[in-house]
Amino acid sequence: MEYEKVWNKYSQAELKKLEKINAEYMDFLSNGKTERECVDEIVNMAEADGYVELEKLIADGKKLKTGDKVYSVWMNKSVVLFRIGKKPFSEGINILGAHIDSPRMDVKSNPLYEKDDFALLDTHYYGGIKKYQYTALPLAIHGVVVKTDGTTVEVNVGEDPDDPVFFVSDLLIHLAQDQMEKKASKVVEGEDLDVIVGNKPVNFGADVRKGTAKSDEEKSKKDPVKAAILKILKDQYDFEEKDFYSAELEVVPAGRAREAGFDRSMILSYGQDDRVCAYTSLRAMLDLPVCDRTVCTILVDKEEIGSVGATGMRSRFFENAVAEVMNLCGQYGSELDLKRALSRSCMLSSDVSAGVDPNYESVFEKKNAAFLGGGIVFNKFTGARGKSGSNDANAEYIAALRNVFEKEKISYQFAELGKVDAGGGGTIAYILALYGMNVIDSGVAVLNMHSPWEATSKADVYEAYKGYIAFCKGMDL
Ligand code: MN
Ligand code: MN
């Protein structure tokens, strides 16, 4: 089967729309580099569109009706949005899902130390990364430090052109004779991913505050560079070393999303897995008219480490929110109503798919692989070693989806993540499938997945956006 070349089908007017969506998407990527920042962006966009917070509606004793817009945030890291449709929940809802966490390096609980006149932050990487890719590139630190009095300090250093950046050192090639013999997984090891954050000792004459305890001054003498960094953290951010215990600081590649290629056909950015699906799902939902079925978009944390924790997809957060929304619609008689609603629902579990890489063709089986510029990707199944761990979508559901997409002339392709037994991966699809609903993995093809700079095609971003609209409006199975 041949896939159509998506780029060639657009009119000038449509290309303009495509560029607009992609420009907004690049802003979303650049402004939301952590799950918390993404939630902030999403809530801002939703509220501007008239979405109201679920907890506020409950507190105010309000009800919901067809056309109403409601959202709920969980622990500042996951968010779910609903647009109430014309049909009752008992006939099922249409769900778009994606994740907003991305691979990175997390700052440890007791991170700051001094060695060889450098101050460093110790990290523990998050998600699957090729560790050597995180050395010798500009890094930014994003996150929060929560103090015992309950106040939150927001940290975002390294993105503004005037900001300093940080880096993990890499061994010079001249002295790397032994290192170059190691296998790639050992070239840079997890404990080597310590971020250099300073190199200037505290100046006792000028820098140490009046009234500093003698013991602190003695400590400063032992680790003067670390002392200088602590002083900066105190002066500029008003937190102390112990506050690292209650912090969530994420070290990510510094810099904005960029257009890529002479033809500007692609986007190169950190965090496109899976913010490309999160953004397009959200944008689609905000641009929708009132649909027959209630539409829901769920954007979750912790996918990269197994969808665990209170903010991951395996948390009851989503189910609870659906129950609350049904209740405000006057449609929650008992848990049976919730079970029926969920089991009759349809979902696009959207996550990135591996695009065929011209430099590494051998890991793909090209008849069943996704191409950048080939449109939205469906993976009937994912998994590894004999489809293990996969959500294998039903043929009946796929036929209904094809019908919806073909009617709206959305370009789509079917793919597997690489050759049989080349590797594999998982998504949140299997978790929603636990409710007995129809779920399929869909999304956007990327190159360099999980690297500091991932690449997508603008055409695929646009087709995903249009595809999600078509799905929400037209899916009824
Ligand atoms: Mn993903
Ligand atoms: Mn991933």
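**Metal sites and a helix**

Tutor: Donors are N, O and S atoms within 2.8 Å of the metal (3.2 Å for Na, K and Ca); water is not among the atoms, so sites may look incomplete. This is a predicted model, where local features need pLDDT of at least 70, side-chain atom pairs count only at pLDDT 80 or more, and totals for chains, interfaces and linings use all residues. Residues are numbered from 1 along each chain as written, chains are lettered from A and ligands numbered from 1 in written order, and side-chain values use heavy atoms, without hydrogens and water.

Student: How many residues apart in sequence are the parts tied together by His99 and Asp273?

Tutor: Helices (H or I, at least four residues) and strands (E, at least two) are DSSP runs numbered from the N terminus. His99 lies in strand β4 and Asp273 in helix α7, so the parts they tie together are separated in sequence by 174 residues.

Student: Which residue coordinates both manganese ions?

Tutor: The donors of the manganese ion (ligand 2) are Asp273 (OD), Glu304 (OE), Glu304 (OE) and His450 (NE2). The two ions, ligand 2 and ligand 1, are 3.2 Å apart, and both are coordinated by Asp273.

Student: Is Glu304 buried or exposed?

Tutor: Buried means under 20% relative accessible area, exposed over 50%, partly exposed in between (1.4 Å probe, protein chains only). At 14% relative accessibility, Glu304 counts as buried.
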